[in-house]
Structures are given as structure tokens and as C-alpha cells.
Amino acid sequence: MVRVLEEMEEYARENHIPIMQQDGIEFLLDYIKKHQVKRILEIGTAIGYSAIRMALVDSSIHVVTIERDETRYNGALSNIKKAHVEHQITPILKDAFDVELTDIFDLIFIDAAKAQYIKFFEKFKHNLANNGVIVSDNLNFHGLTHGSLENLSRNVRGLVKKLNLYIDFLKQNEEFCTEFLEIGDGIGVSKRVSSLE
């Protein structure tokens, strides 16, 4: 199993496929263990790395993961099979905005198109269990959300602006309370205010 994960990490590095940073994924897996999370929705499968890591925490965990890129989706299918977790992971090849789910999840993990984070949050919050959490990755975006936009390309500047809008959206959200963590590339953990103790 370790070999499969190492191969995926190497493939991601060589092909510039973004996967979660190690301390970020360790935080996420630890959270899943501590809170006995069983049902997970992931938006942004890529090559299946985080879905596999989450499924490996416990055999009773089930992950539904959405990917719109067919090449990455096919890569994820292959990796899921290699990791022998096919019975725990349901991959969906579709744009997340075209996916309608009635399932309820303990944890929703957003790690897809950064410009769409607010829309992902708003669309899938209805699928979150009352005491569940929405975890958002890449909120620091390599430190760029904390710095000047001056020397950035137009595309990157646009992404950083969208991420900063999302961070403001989380800070001002009255329905959810978000804890911002300087772990990995910046993580937000959002809980419904009504479910806070």
C-alpha cells in the first residue's frame, strides 16, 4: 500500500497534478479518525490520492468523489483499484454543478477549481450532516492570498482574488463558523453555528 501511495505522489509531482501537502493530509486523516467520520464527499478527485488516503483510515468509511476531467478520473479509477478500496469509494465523472446528491455526509472536502469555492460550498452545504464539517484546502494558495497581487500573472491574480472572496465569505457567514488553520497550503474547517456547543 505504501508503494501505491508513493507512486501516486511521484506521478503527481512529475505531472504537476495538485495533491494535498503532507501536513494537510495528515491533519485531515487525524480529524477523520478523531471524529469517527464515516461518510465523505470530495469535490475534486484528481488522481484519487486524498480519497484513497481517507478510505484507508477505516474500512467502514465511504467516500463519494467528483471529478470532471476524464483523464484524471480514469487515473483515479486505476489507483483506487490498485489500493483495493473500490468498495469504499464511489467516483463520479461529472462537473460538480451537474451532480445532484440526496446523501448526507459527515465531512465535505472542497479541493477543486478555486474560483468556484463559494458555489461549491453553497451547493453542497445541504448535503452536510448537522454536526458535520466542510473542509476547504488551498486557502493560502502558496502564500499568495496573504501578499501583494502586483507581480502576479492575470490568471493567478484572478484566482487569488476569488480565494480572498471565499475567505471573506467564510468569515462573514452567519450559518457557519470557520476555523482557519496554517497547515499545508491553508485549511478552513467550517461547522454549522447551530451545531456548535
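User: In which sense do strand 1 and strand 4 pair?

Analyst: Keep in mind that this is a predicted model. Strand 1 covers residues 39-43, and strand 4 covers residues 105-110. Over 4 bridges, the sense in which strand 1 and strand 4 pair is parallel.

User: How many bridges join strand 4 to strand 5?

Analyst: Strand 5 is made of residues 128-136, and it runs parallel to strand 4. You can find Leu107 standing opposite Val133 in strand 5. The number of bridges that join strand 4 to strand 5 is 5.

User: Within what arc do the buried residues of helix 4 fall?

Analyst: The buried residues in helix 4 include Tyr73, Ala76, Asn79 and Ile80. In general, an α-helix has 3.6 residues a turn, so residues three or four places apart point the same way. Here, the buried residues of helix 4 line one face of the helix, because seen down its axis they fall within an arc of 125°.

User: Which residues are exposed on the other side of helix 4?

Analyst: The buried residues of helix 4 pack against helix 1, helix 3, strand 2 and strand 3. On the other side of helix 4, the exposed residues are Glu70, Thr71 and Lys81.

Definitions and conventions. Residues are numbered from 1 along each chain as its sequence is written. This is a predicted model: local features need pLDDT of at least 70, side-chain atom pairs count only at pLDDT 80 or more; totals for chains, interfaces and linings use all residues. Side-chain values use heavy atoms; hydrogens and water are left out. Buried means under 20% relative accessible area, exposed over 50%, partly exposed in between (1.4 Å probe, protein chains only). Helices (H or I, at least four residues) and strands (E, at least two) are DSSP runs, numbered from the N terminus. The arc is that of the directions from the helix axis to the C-beta atoms. Contact means heavy atoms within 4.5 Å. Two strands pair if DSSP finds at least two bridges between them.
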